[in-house]
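Have the sequence and the 3D view open as you read.

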Amino acid sequence: MRECDCSSGQPLESCCGPYLDGIEAPDASRLMRARYAAFVLSTKRGADEKALREKAYVYLQKTLHSSQPEALIPLSQYRALLEKNGKTARYRGLDILDADGPDAQGVYRVLFRVQMYNAGKDASFVELSSFASEKGGLRYVAGALMPAGAFKDLHVSTIAEVVKLMAEG
């Protein structure tokens with residue numbers, strides 16, 4: 001049984017697998033976990049993982065909000081973008097730090113940390129992602145990134161703290 005790549009420690013089949021198969025995630029945190037798992041799966045190069053890679057490509061594009069340009073391009077082009085960017089990426093873990101929403105505009109937010117390497121260098125980051133309802137589920141709208149090291153030095157761990165910090169410049 002394959003462990004889910006979202007860092008939950010649960011089997012893929014009972015964790016993010018159903019979302020990759022088309023079931024809508026019940027909340028923004030689960031959607032973020034499933035998108036992370038899909039990014040990890042999109043970097044797998046084994047012949048036996050081809051079907052999972054394809055599910056990952058489809059899922060990642062499907063869960064983009066229509067305001068994202070990548071949501072509107074053919075899947076073959078989106079797949080090529082992911083393959084190019086994923087060749088040197090090695091994901092090491094996901095931590096969901098905080099989540100809230102919906103706000104008055106219907107936006108959900110998730111603050112998370114990704115540990116990863118790209119071309120052998122630490123490329124870990126923290127992102128504050130926003131999601132909105134569209135086409136029967138939550139969709140990724142946008143994200144504000146910061147290097148994980150800089151985030152750690154700031155001693156913040158909630159969405160409210162990050163938003164305040166971003167507003168201060």
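Ala119 is exposed, with a relative accessible area of 58%; exposed means over 50%, buried under 20%, and partly exposed in between (1.4 Å probe, protein chains only). You will find Ala119 in the loop between strand 2 and strand 3 (121-122). Although Ala119 is not a glycine, its phi is positive, at about 55°.

This is a predicted model, in which local features need pLDDT of at least 70, side-chain atom pairs count only at pLDDT 80 or more, and totals for chains, interfaces and linings use all residues. Residues are numbered from 1 along each chain as its sequence is written, and side-chain values use heavy atoms, with hydrogens and water left out. Here pLDDT is the predictor's confidence in each residue, from 0 to 100. The protein has a mean pLDDT of 91, and 95% of its residues reach 70 or more. Confidence is highest in helix 2 (residues 28-42), at a mean of 97, and lowest in helix 5 (residues 148-154), at 69. Helices (H or I, at least four residues) and strands (E, at least two) are DSSP runs, numbered from the N terminus.

Ser7, in the segment before helix 1, has a positive phi of about 75° without being a glycine, and its relative accessible area of 38% makes Ser7 partly exposed. Gly101 and Pro102 are joined by a cis peptide bond with omega about 5°, and Pro102 sits in the loop between strand 1 (89-100) and strand 2 (107-118). For background, most residues other than glycine have a negative phi, and most peptide bonds are trans.

Now to the helix packing. Axes are lines fitted to C-alpha atoms, for helices over the stretch in contact (heavy atoms within 4.5 Å), and angles run from 0 to 180 degrees between N-to-C directions.

| Helix pair | Angle | Axis distance |
|---|---|---|
| Helix 2 and helix 3 (residues 50-62) | about 135° | 8 Å |
| Helix 3 and helix 4 (residues 75-86) | roughly 110° | within 10 Å |

Helix 2 and helix 3 are therefore oblique to each other, whereas helix 3 and helix 4 are roughly perpendicular. Angles under 35 degrees count as roughly parallel, over 145 as roughly antiparallel, 65 to 115 as roughly perpendicular and the rest as oblique. Among the residues that meet are Leu31, Phe39 and Leu41 of helix 2 and Leu52, Tyr57 and Leu60 of helix 3.
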